[in-house]
Each structure stands twice: as C-alpha cells, then as structure tokens.
Amino acid sequence: MAKKSLVNRQARREKLVARHAPARTELKRVVAHPDTDPDVRAKTARRLSRLPPDSSPVRLRSRDQIDGRPRGVLSRFGLSRVRFRELALRGELPGIRKASW
C-alpha cells in the first residue's frame with residue numbers, strides 16, 4: 001500500500017498535466033519547428049520553462065488503481081503484479097485463469 005500523500009501528489013500532477021497540455025504542446029511545436037525565428041524560439045522556450053515542472057507528462061507514474069503501488073504495474077489491467085496475482089487466484093478477474101500444462 002502506497003502512502004496516501006504520494007497517491008495524492010500523483011493525482012495533483014495528473015490534473016496539472018491535463019490543464020497545461022494544450023499550451024505545452026503548442027509551445028513545443030513552435031520550438032521544434034525548423035522555420036521558427038531564433039528570437040521567437042528563445043521567447044517560446046522561456047514561456048515553456050515557466051510552466052510548472054509537474055505539468056510535464058514525464059513526471060507521471062503508473063500506479064496500481066487499488067492500492068497505489070508504483071512498481072510492477074500491468075498497464076493492460078491497471079494493477080500491480082502482486083494485486084493481479086491475488087485477484088486472479090481468487091477468480092475475481094474475468095477471463096483470467098492460472099496456466100497449467
């Protein structure tokens with residue numbers, strides 16, 4: 001079980017990323033375009049750097065949807081490997097069963 005503060009921090013980052021995504025993509029497009037004037041590129045890069053650091057999608061971390069565990073998350077199910085195994089063995093995941101051959 002992850003600390004509640006870390007899960008809350010992740011939720012706050014997700015909101016920031018969603019709020020600043022359009023502005024960030026537009027600024028990055030201007031900076032990356034090869035025909036952009038160097039002065040405009042420098043101003044745009046400064047505006048991009050003034051955005052909150054937590055608004056960058058790179059700062060997001062995939063977490064288990066049930067208990068917030070940050071490591072070993074299976075993206076297809078949104079569960080950590082530990083939680084996935086528990087639920088699968090109890091038969092609580094539809095269509096999943098333990099392999100035997």
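Trainee: Where does L27 lie?
Mentor: L27 lies in helix α1. Keep in mind that this is a predicted model.
Trainee: Is L27 buried or exposed?
Mentor: L27 counts as buried, because its relative accessibility is 7% and the cut-off for buried is under 20%.
Trainee: What is L27 in contact with, leaving aside neighbours within four places in sequence?
Mentor: L27 is in contact with T44, R47, L48 and L51.
Trainee: And how far is L27 from R41?
Mentor: Their C-alpha atoms are separated by 9.1 Å. Along the chain, L27 and R41 are 14 residues apart.
Trainee: OK, helices now. How do you describe two packed ones?
Mentor: You give the angle between their axes and the distance between the axes.
Trainee: What are those values for α1 and α2?
Mentor: Helix α1 and helix α2, residues 38–50, pack at an angle of about 150°. Their axes are 9 Å apart.
Trainee: Are they roughly parallel or roughly antiparallel?
Mentor: Roughly antiparallel. The angle is about 150°, and angles over 145 degrees count that way. The crossing of α1 past α2 is left-handed.
Trainee: Which residues meet there?
Mentor: From α1 come R24, L27, K28, V30 and V31. From α2 come V40, R41, T44, A45, R47 and L48. This contact holds 6 nonpolar residues, 1 polar and 4 charged.
Trainee: Back to α1 itself. Where is H20 found?
Mentor: H20 is in α1 too, and that helix covers residues 4–32.
Trainee: Why does H20 count as buried?
Mentor: Because its relative accessibility is 17%, and buried means under 20%.
Trainee: What does H20 touch?
Mentor: Not counting residues up to four places away in sequence, H20 touches L51, P52 and S55. L51 is also among the contacts of L27.
Trainee: What does V7 touch?
Mentor: A2 and G68, once residues up to four places away in sequence are not counted.
Trainee: How far is V7 from L89?
Mentor: Their C-alpha atoms are separated by 26 Å. The two are 82 residues apart along the chain.
Trainee: New topic: α3. Which of its residues are buried?
Mentor: F84, L87 and A88 are buried in α3, which runs over residues 81–90. Seen down the helix axis, the buried residues fall within an arc of 100°, so they line one face of the helix.
Trainee: What covers the buried residues of α3?
Mentor: The cover includes β1, residues 73–74, and β2, residues 79–80.
Trainee: Which exposed residues sit on the face turned away?
Mentor: R85, L89 and R90.
Trainee: What comes just after α3?
Mentor: G91, with a positive phi of about 80°.
Trainee: Last one. Where is R63?
Mentor: R63 is in the loop between α2 and β1.
Trainee: What is R63 in contact with, leaving aside neighbours within four places in sequence?
Mentor: A2, L6, Q10, G68, R69, P70, V73 and G78. A2 and G68 are also touched by V7.
Trainee: And how far apart are R63 and R9?
Mentor: They are 12 Å apart in space, C-alpha to C-alpha. In sequence, R63 and R9 are 54 residues apart.

Note on methods. Residues are numbered from 1 along each chain as its sequence is written. This is a predicted model: local features need pLDDT of at least 70, side-chain atom pairs count only at pLDDT 80 or more; totals for chains, interfaces and linings use all residues. Side-chain values use heavy atoms; hydrogens and water are left out. Helices (H or I, at least four residues) and strands (E, at least two) are DSSP runs, numbered from the N terminus. Buried means under 20% relative accessible area, exposed over 50%, partly exposed in between (1.4 Å probe, protein chains only). Contact means heavy atoms within 4.5 Å. Axes are lines fitted to C-alpha atoms, for helices over the stretch in contact, and angles run from 0 to 180 degrees between N-to-C directions. Angles under 35 degrees count as roughly parallel, over 145 as roughly antiparallel, 65 to 115 as roughly perpendicular and the rest as oblique. A crossing is left-handed if the near helix is turned anticlockwise from the far one by less than a right angle, and right-handed if clockwise. Ala, Val, Leu, Ile, Met, Phe, Trp, Tyr, Cys and Pro count as nonpolar, Asp, Glu, Lys and Arg as charged, and the others, Gly among them, as polar. The arc is that of the directions from the helix axis to the C-beta atoms.
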